[in-house]
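Please look over the chain below before reading on. The text after it goes from the whole fold to a space inside it.

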Amino acid sequence: MKIDRIGVCSWSLQVKNIPELSKFTEKLGVSNVQIACGDPHHASWDEGEKMPSVAKSASFKITGSMLGFPGEDYTTPKTIELTGGFGDPATRKERIERFQWAAKRSIELGTKDIMLHAGFIPPLGNPERKSFLDTLKQVSAIAKRHDINVSFETGQESAELLLKTLEDLSETNLFVNFDPANMLLYDQGDPIEAVEILGKYIRSVHLKDAIRPNSKGEWGQEVPLGKGQVDFPRFLKTLNKVGFNGPLNIEREVGNQKERFDDILHAVNFLSSIDV
C-alpha cells in the first residue's frame with residue numbers, strides 16, 4: 001500500500017512535545033498523525049495552550065484528534081467497563097464538559113474529526129440504554145455547533161450493536177473509528193466481518209494487531225502488526241471494498257518508547273509491503 005496513507009497515533013510514541021513528535025514521524029517516513037488533544041487534566045503537552053499553533057506549523061499533517069478521559073482504568077475489561085467513556089452516569093456531566101473543551105481544541109488544531117471511546121454501549125432492552133444514547137446525542141449536538149464529526153472507537157461491543165446504536169441515534173456527524181485489534185482484545189467478533197457491517201460509518205482507522213483472550217473476562221494480547229490474528233491483506237482490501245480510502249494510523253500500546261517506535265517502524269514497513 002502507498003505510504004502516503006500510513007500515519008501514527010501520537011500517544012503511541014509517548015511524546016511530550018511537538019518537536020519530539022515531528023522527529024519521530026520524520027524517522028518513520030510518515031506524515032499523517034492522529035493527535036492526542038492534550039487535556040490538561042489527563043495528558044498534557046509541554047506546549048500547553050500553545051500546542052495547536054505549534055502542531056499546525058509542524059512537518060506532519062493532523063488527520064484527527066483523540067480524547068481520553070481522566071479516571072479511565074484499563075487494568076481489566078471489567079474496570080474499563082465501569083470507568084470508560086460515558087458509561088458511568090456519575091461522570092457524564094464532567095466528561096461532557098471535557099468533550100466541549102476537546103471540540104474547541106480540535107478546531108484549533110485545524111481538524112474536523114475527533115475520536116473517543118464512547119464506553120460500553122448498553123444492549124437493546126437494557127434500562128440504561130436510553131440515558132446513554134441521550135448522552136451521545138448531547139455529544140453530537142456539541143460537535144454540530146463546531147461543525148465537527150465524532151467517531152466512536154470499536155471494541156467494547158459487537159459490530160451489530162454499534163451499528164444499531166448509530167442507526168437509532170440517526171445523527172449525521174456520528175461515525176466509527178475502526179480498530180481491528182480491539183475486536184480481538186475485547187473478544188467481540190471477527191474484524192473483517194465487522195468492517196462489512198459498519199462500512200458506511202467508518203471514518204477513521206487505527207491499526208493494531210492482537211490475539212484473542214484465552215478466558216472470558218481477560219484481555220487479549222496486543223502484538224506487533226502481522227504477528228497476531230488480524231489478516232491485514234484481507235482487512236485492507238475489505239476497507240477498500242466498503243469505500244474507505246482515508247489515512248490508516250498505526251497505534252501501539254505496549255512497551256517503552258524505543259520498543260514502541262521499533263514496532264511502529266516494523267508496521268510501516270509491513271504495511272508498505274502489502275499490495276492493495
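The paragraphs below take up the overall build of the chain and then its largest cavity.

This is a predicted model, in which local features need pLDDT of at least 70 and side-chain atom pairs count only at pLDDT 80 or more, while totals for chains, interfaces and linings use all residues. Residues are numbered from 1 along each chain as its sequence is written, and side-chain values use heavy atoms, with hydrogens and water left out.

The chain has 10 helices and 10 strands, which are DSSP runs numbered from the N terminus (helices H or I, at least four residues; strands E, at least two). Its radius of gyration, taken over C-alpha atoms, is 18 Å, close to the 19 Å from the globule rule for 276 residues, so the chain is as compact as a globular protein of that length. That rule is 2.2 Å times the number of residues to the power 0.38. Along the principal axes, the C-alpha atoms fill a box of roughly 50 × 40 × 35 Å.

Of the 276 residues, 55% count as buried, meaning under 20% relative accessible area with a 1.4 Å probe, protein chains only.

There is one cavity of 30 Å³ or more; a cavity is a set of points on a 1 Å grid over the protein atoms alone where a 1.4 Å probe fits but cannot get out. The largest cavity holds about 50 Å³ of space, a volume being the space filled by probe spheres set on the points, which are joined across faces, edges and corners. Helix 10 gives the largest share of its lining, three residues. Lining residues have an atom within 4 Å of a point; among them are Lys208, Asp209, Ile264 and Ala267.

Conventions:
1 Å grid on protein atoms, 1.4 Å probe; cavity = no way out; pocket = protein on both sides within 12 Å on 5 of 7 lines; lining within 4 Å. Buried < 20%, exposed > 50% of the residue type's maximum accessible area, 1.4 Å probe, protein only.
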